[in-house]
Amino acid sequence: MSAADFYTRWADLYDPLSRLIPGIAGLRRKTAVALDLELGDVVVEMGCGTGANLASLREEVGPEGTVIGVDVSAGVLERAREHVTREGWENVHLVRGDATAPPVQRADAVVATFVIGMFSDPERVVEGWCEFVGSGGTVALLNATRSRRAYGPLVNLLFRAFVYASTPGKRRFDDPTEVLDRRVAAGHRTVERRCERTVHDDGALGLVRLTAGRVR
Ligand SMILES: C[S@@+](CC[C@H](N)C(=O)[O-])C[C@H]1O[C@@H](n2cnc3c(N)ncnc32)[C@H](O)[C@@H]1O
């Protein structure tokens with residue numbers, strides 16, 4: 001099943017989960033702040049899902065700024081659109097499209113949360129986002145990965161089961177957690193390599209990692 005179909009099928013379950021997992025709201029907030037946005041900026045969220053980051057992003061750019069959410073899945077965009085309409089956010093726009101070739105002309109910042117693990121060549125995708133915002137623009141990634149903390153082995157068992165259940169299009173011989181870890185590490189390394197003033201943080205028992213920076 002494609003990622004677009006998978007997330008359309010599970011949109012109703014994903015929507016509350018993406019907002020209510022303990023610790024997640026704080027990490028989403030930190031990610032929006034790490035973008036170091038100014039009032040009036042344009043920020044694009046790649047793979048915006050049902051819109052759990054939109055409120056924080058909107059707060060950072062203010063009513064005179066613009067937030068654009070891009071996602072391939074019609075189902076999650078429908079949920080996101082419901083939130084936007086209910087809140088009456090006129091400066092938040094949702095576009096169905098591919099985050100690897102964003103259907104947007106320009107932006108001051110790009111953010112992607114729990115998305116980079118879906119790309120087979122995360123380095124190339126993040127490179128593309130850095131080129132897209134250009135020198136002086138900012139990029140932030142927030143992703144789940146195995147915990148490196150002392151109690152990691154225990155929480156990583158649960159994490160492995162969660163990743164297995166929530167990975168669309170698994171191939172029989174791949175370990176989805178290994179694949180996810182590899183892709184997340186490559187994506188975050190690319191932000192570190194391309195950016196200055198990088199910010200790092202983690203939370204949710206060390207299972208969620210934030211890397212952000214300003215493109216050189
Ligand atoms: C795990 S969800 C994360 C959603 C949201 N960013 C969040 O933090 O809750 C991954 C999202 O990436 C989207 N996605 C996957 N591949 C994509 C692509 N090539 N272009 C745009 N969106 C994509 C999926 O449809 C899904 O909504």
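Me: What makes the crossing in which H6 passes H8 a right-handed one?

Reply: A crossing is right-handed if the near helix is turned clockwise from the far one by less than a right angle, and left-handed if anticlockwise; H6 passes H8 in the right-handed sense. Helix H6 (residues 122-133) and helix H8 (residues 176-194) pack at an angle of about 35°, with their axes 8 Å apart, where axes are lines fitted to C-alpha atoms over the stretch in contact and angles run from 0 to 180 degrees between N-to-C directions. Helices here are DSSP runs (H or I, at least four residues), numbered from the N terminus. This is a predicted model, in which local features need pLDDT of at least 70 and side-chain atom pairs count only at pLDDT 80 or more, while totals for chains, interfaces and linings use all residues. Residues are numbered from 1 along each chain as its sequence is written, and side-chain values use heavy atoms, with hydrogens and water left out.

Me: Which residues in H6 meet H8?

Reply: With contact meaning heavy atoms within 4.5 Å, Pro122, Glu123, Val126, Glu127, Cys130 and Glu131 in H6 meet residues of H8 that include Arg183, Ala186 and Arg194. By class, this contact of H6 with H8 has five nonpolar, two polar and six charged residues.

Me: How do you know whether Asp15 counts as buried or exposed?

Reply: Buried means under 20% relative accessible area, exposed over 50%, and partly exposed in between (1.4 Å probe, protein chains only). Asp15, at 11% relative accessibility, therefore counts as buried, whereas Arg19, at 29%, is partly exposed.

Me: What makes Glu82 and Arg79 a salt bridge?

Reply: Their side chains meet at 3.2 Å, N to O, which lies within the 4 Å limit. Glu82 and Arg79 are three residues apart in helix H5 (residues 74-87), about one helical turn; Glu82 counts as partly exposed at 34%, and Arg79 as buried at 15%. Salt bridges that share partners also join Glu123, Glu127, Glu131, Arg193 and Arg194 into one network.

Note on methods:
Helix = DSSP H or I, 4+ residues; strand = E, 2+ residues; numbered from the N terminus. Nonpolar A, V, L, I, M, F, W, Y, C, P; charged D, E, K, R; others polar.
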